[in-house]
Amino acid sequence: MKRIFISILFAFAAVCMYATTISGVVTGKNIYSSVSLNTLTNNFITTAVISPEGKFSIDTYVGETDCYTLTFTGDRGLRRQIYMVLSPDDKINMELASDYSDLLIFKVTGSAEMSFIKACQDKNTAIMLKLKKLEDEYAKAEAVDRKAVQDRYYTTYKQHQAEMEKFYLSNKTLLSSMLFAYMDFNQEFDAHKPMFKAMFAELNPKYSYTALMQEVAIKVSNPIEVGNIAPDFEGVTPDGKTIKLSNFKGKYVLVDFWASWCRPCRAENPNVVAAYNKFKGKDFDIVSVSLDRDAASWKNAIEADGLVWKNHVCTFKQWSCPIARQYRVNGIPFSLLLDPNGKIIAVSLRGEALNTKLSEILR
């Protein structure tokens, strides 16, 4: 009787151990030979062979709902990833469309989370096609017509962002919605912070154990937001002087994070220079914080880009820069506009938006 009981326990354990299954077929070009399942933090879980007919099946155990990646590997280092959210007892079946440039979910059953991921994929594919069409139109346009095409490109992209934000919020009970919102808007987190806060309030009680929610938690609680006093910091200028942010109380101050190696930063610098030249006589100043590692590159870029204000600091630690970490900077260019009391009144002002805001407050 004891042996029978133990056998039943082993049989039950085997069923529980492989309660989650992911099966599917890759159609189109037969270029993948294996598929592996990993956690979102890239910890390997298991792998399976893809048959000559493109079929695969993964049996695994998922204790709690979490985020994963499914990585398809082919010849000569070819790799494509599918993001997943898996739950205990999921029985997911997928049909994937394959060519050398893309691997897309064509059909999926067995999971509301994965159905949402496919919907996100479809929306992103559609916008990429629209933007590619505008890029081609820009390349063929006469010089005098390119500005109009460029404006349409920007408007199309911003409309897509607004639509995706609404889409994520309308599905805020799904962990996959937070996953894709974070992938889309991580670099502009503060601009979409109300959305993230609403989704976090809904999802964190259920999924606080996940790496994704723990990452979002840090950013949602970020003190660097409009209405807060900017934390003080100090740094060393190119000529060896130490300056503090608090030294600039009484002025409107743009705190600008950049680096010589950052192409978008260098492209934005003419706008920052124009703002400085226009408003420097109206109690306005700039404190630039560089994420450079090399002193010569930093100083050369300051001179080359005409960043004539003297308030430049750098710790030469790139992303480990303590000032950048203090300000939760994870993408550059990034800026904050402070009022004379050191209160943050705007974040991520770029291009014409910076000029518009400064014109509004420095009449």
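Student: What makes Cys262 and Cys265 a disulfide in this predicted model?

Tutor: Their sulfur atoms are 2.3 Å apart. The cut-off is within 2.5 Å, so the pair qualifies as a disulfide.

Student: Why is the disulfide of Cys262 and Cys265 called right-handed?

Tutor: The torsion about its S-S bond is about 75°, and therefore the disulfide is right-handed.

Student: Are Cys262 and Cys265 buried or exposed?

Tutor: Buried means under 20% relative accessible area. Cys262 has 5% and so counts as buried. Cys265, with 1%, is buried too.

Student: How many disulfides does the rule give?

Tutor: The count comes to one disulfide.

Student: Where does Cys67 stand in the strand pairing?

Tutor: Cys67 stands opposite Val85 in β6. Strand β5, residues 66-74, pairs with β6 in the antiparallel sense over eight bridges. Two strands pair if there are at least two bridges between them, so β5 and β6 meet the rule.

Student: Which strands make up the open sheet, and in what order?

Tutor: The sheet has four strands in the order β3-β2-β5-β6, with antiparallel pairing.

Student: What makes β3 and β6 the edge strands?

Tutor: Each of them, β3 (44-49) and β6 (79-86), pairs on one side only. Neighbouring strands of this sheet are turned by 20° against each other on average, direction ignored.

Student: How do you know that β14 is mostly covered?

Tutor: β14 spans residues 334-338, and five of its five residues are buried. The covering applies to both faces: Phe334, Leu336 and Leu338 are buried on one side, and Ser335 and Leu337 on the other.

Student: What are the strand partners of β14?

Tutor: β11, residues 252-258, runs antiparallel to β14 and is joined to it by five bridges. β15, residues 344-347, is also antiparallel to β14, with three bridges. Leu337 of β14 has a bridge partner in each: Leu254 in β11 and Ala346 in β15.

Student: What lies between β14 and β15?

Tutor: The two strands form a hairpin with five residues between them. Gly342 in the turn has a positive phi of about 85°.

Student: How many aromatic pairs does a search of the whole structure find?

Tutor: The search finds 18 aromatic pairs.

Student: Why is the pair of Tyr168 and Phe185 called edge-to-face?

Tutor: The ring centres are 6.1 Å apart, within the 6.5 Å limit, so the rings pair. The angle between the planes is 80°, and over 60 degrees counts as edge-to-face.

Student: What does the pair of Tyr168 and Phe185 tie together?

Tutor: Tyr168 lies in helix α3 (residues 146-170) and Phe185 in helix α4 (residues 175-185), so the pair ties together parts that are 17 residues apart in sequence. Tyr168 is buried at 0% relative accessibility, and Phe185 is buried at 1%.

Student: Why is the pair of Phe257 and Phe334 called tilted?

Tutor: Its centre-to-centre distance is 6.1 Å, and its planes are 35° apart. Stacked needs under 30 degrees and edge-to-face over 60, so this pair is tilted. Phe257 is in strand β11 and Phe334 in strand β14, 77 residues apart. Phe257 counts as buried at 0% relative accessibility, and Phe334 counts as buried at 9%.

Student: Which residues do ring pairs link into a cluster?

Tutor: The cluster consists of Phe116, Phe167, Tyr168 and Phe185.

Student: Which charged residue lies over the face of Phe167?

Tutor: Lys123 does, at 4.7 Å from the ring centre. The distance limit is 6 Å, so this value is within it. Arg146 lies over the face of Tyr138 at 4.9 Å from the ring centre.

Terms used. Residues are numbered from 1 along each chain as its sequence is written. This is a predicted model: local features need pLDDT of at least 70, side-chain atom pairs count only at pLDDT 80 or more; totals for chains, interfaces and linings use all residues. Side-chain values use heavy atoms; hydrogens and water are left out. Axes are lines fitted to C-alpha atoms, for helices over the stretch in contact, and angles run from 0 to 180 degrees between N-to-C directions. Buried means under 20% relative accessible area, exposed over 50%, partly exposed in between (1.4 Å probe, protein chains only). Rings of Phe, Tyr and Trp (its six-membered ring) pair if their centres lie within 6.5 Å; planes under 30 degrees apart count as stacked, over 60 as edge-to-face and the rest as tilted. A charge sits over a ring if NZ of Lys or CZ of Arg is within 6 Å of the ring centre and within 35 degrees of the ring normal.
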